[in-house]
Amino acid sequence: MTKPPNRQDYKSQYVLLPMRGTHSTSMTHLNVATPAFSKTLRARLKASSVDGIASVSVPNSRAINIIHSASSTGAKLAELTPQELATLRVQEPAVRAVPLVTYHLTRTPRLAVASRAARGGNPQKPLRIKVVDQLGMPVVGALVVGLNDAEQKVGDDATTNKHGEARLRLSGGPDVEVLAVYADVTGCWGDVRHNVRLRDGYVVMLSAVDLAMDDFVSVLYSSPKIGDGAGVVVGVIDTGVDSAHPDLKVKHSRAFVSAEGDAGDGSPASIEGEHGTHVAGLIAGAVRAANRHSGRAPAATLNSYRVFPDGGGNATNYDILRAIEAAVADGCDLINLSLGTATPDEAVRDAIREAFDLGTVCVAAAGNDGREDLLFPARWSEVISITAIGQKGTYPASSVETLDEAAPYSRLDKKRFAARFTNIGPEVTATAPGVGVVSTLPGGGYGAMSGTSMACPVASGMLAAALARQPNILALPRGQRRSVEIQRLFFTMCNPAGFSKEFEGQGLPR
């Protein structure tokens, strides 16, 4: 008979912080073994044995298992059993243990397949769907989603191979209610078709992103001047930024991924690395002739802090906290956070508060859960939080962006709508274009993406450009008053967008 697992052996990861703030001398000796810690831990283990839990021997030199340390006085990542956590609270009352929380990107969600087999059905022979560009060349890396039943999300999906082919096994047969192709990383617009009968070799031709054509951002705002944003430093905490892109200049490039030993720098992650580069271009992409998609503050200084793992996955509050601290130390005036979580988190909030008290303001994406409450950190008052709106006619009529069109529509312009995906709430600061927005991609390219992830850097870029024209604010000592004046400046930039407050907050920055 297998012995049941011992509850006291279960280990969880925590971010250890001072009781107030993010730095204290109380953090300096946490990884030092002490007799008092060992004695208290043994006593607790002995007491727990009354519940039938076997006692565990504890060495007299027992210390807290510190996995990673930001600095001697700063945050630490620790792995603790429940008994060790209880002992820590007794022995180190000046230290708190915050649960490890993960954050995800706030790029618009794609259509997802919930079931790959209809009731009683059997998968059919794979159907090859070929995706090509306007020249008939294969498009590699596009996601193809076919749904026999859109409401129940029954269907299949696949990514196009080197021949531009994706193979779908559709248990419901060749008739699909929705066929969607997502190609935002390829330099092409996506495509959506409704009520289609597929056949083997079915071809979808995509439109290339034309840099001479307007998107919502370039329709809404005039072209920036080459010097807009000069003297302002913006930190991009994301999946990394391609500093080799001809339209991007990155000063500091650093990695904060403790699970990878902070290896590498702030270059794009292998998985979803395009996200951070796209965000950076919306802030400070260079002004070029015949390219209507420069950043709002092309002369601003960019710093890249990669917090998402190279192989994909979510970022942790511990790594984001460390990146925020680094951005403040590097002199960032603004920090763009196109990420979020639904879980309240003391660690990142304290880092944001500390940044605010040191003159650095964070701008965060509201989240893409379709009218749900704002994610954190966007929900916190120290943060400028941004929702997403779109405008019909600023993307191809057959593109997947049409799936993001939804009421309410603006009272001031009936072509403008609140993006179907955007989160909303009373904490919203402002709104910005976030549907079918064109910006930089790794490798020197450009592509269109959607999400509050895109609206957020548009707002950051607008604020950076405005802040550059306010030398009196930039010259203020790096303290809370400076952050208050930066926020006040942003509020003065906002004008009504024609939506209710929960959708637009103070309005649209202009």
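The structure is a predicted model.

**The chain as a whole**

The chain contains ten helices and 26 strands. Its radius of gyration is 25 Å, close to the 24 Å that the globule rule gives for 510 residues, so the chain is as compact as a globular protein of that length. Further values for the whole chain are set out below.

| Property of the chain | Value |
|---|---|
| Span of the C-alpha trace along the principal axes | about 75 × 70 × 40 Å |
| Share of the 510 residues that count as buried | 56% |
| Accessible surface | about 20,900 Å² |
| Share of the accessible surface belonging to carbon and sulfur atoms | 51% |

Among contacts between residues at least 6 apart in sequence, 76% join residues at least 24 apart. As for charge, there are 52 positive and 50 negative side chains. The centres of these two sets lie 2 Å apart.

**Arginine 197**

Arginine 197 is located in strand 11, which covers residues 191-197. Is this residue buried or exposed? Arginine 197 has a relative accessible area of 59%, and therefore counts as exposed, since exposed means over 50%.

Which residues does arginine 197 touch, leaving aside its neighbours within four places in sequence? The contacts are with Pro174, Asp175 and Tyr202. Proline 174 is 23 residues away from arginine 197 in sequence, yet their C-alpha atoms are 5.4 Å apart in space. With aspartate 175, the contact involves both side chains: the side chain of arginine 197 makes a polar contact with that of aspartate 175, at 2.7 Å.

Terms used:
Residues are numbered from 1 along each chain as its sequence is written. This is a predicted model: local features need pLDDT of at least 70, side-chain atom pairs count only at pLDDT 80 or more; totals for chains, interfaces and linings use all residues. Side-chain values use heavy atoms; hydrogens and water are left out. Helices (H or I, at least four residues) and strands (E, at least two) are DSSP runs, numbered from the N terminus. The radius of gyration is taken over C-alpha atoms; the globule rule is 2.2 Å times the number of residues to the power 0.38. Buried means under 20% relative accessible area, exposed over 50%, partly exposed in between (1.4 Å probe, protein chains only). Contact means heavy atoms within 4.5 Å. Accessible areas come from the Shrake-Rupley method with a 1.4 Å probe; for residues, only the protein chains shown count as cover. Lys and Arg count as positive and Asp and Glu as negative; His and the chain ends are not counted. The place of a charge is taken as NZ of Lys, CZ of Arg, CG of Asp or CD of Glu. A polar contact is a pair of N or O atoms within 3.5 Å; within protein, one must be able to donate a hydrogen and the other to accept it, and residues adjacent in sequence count only if both atoms are side-chain atoms.
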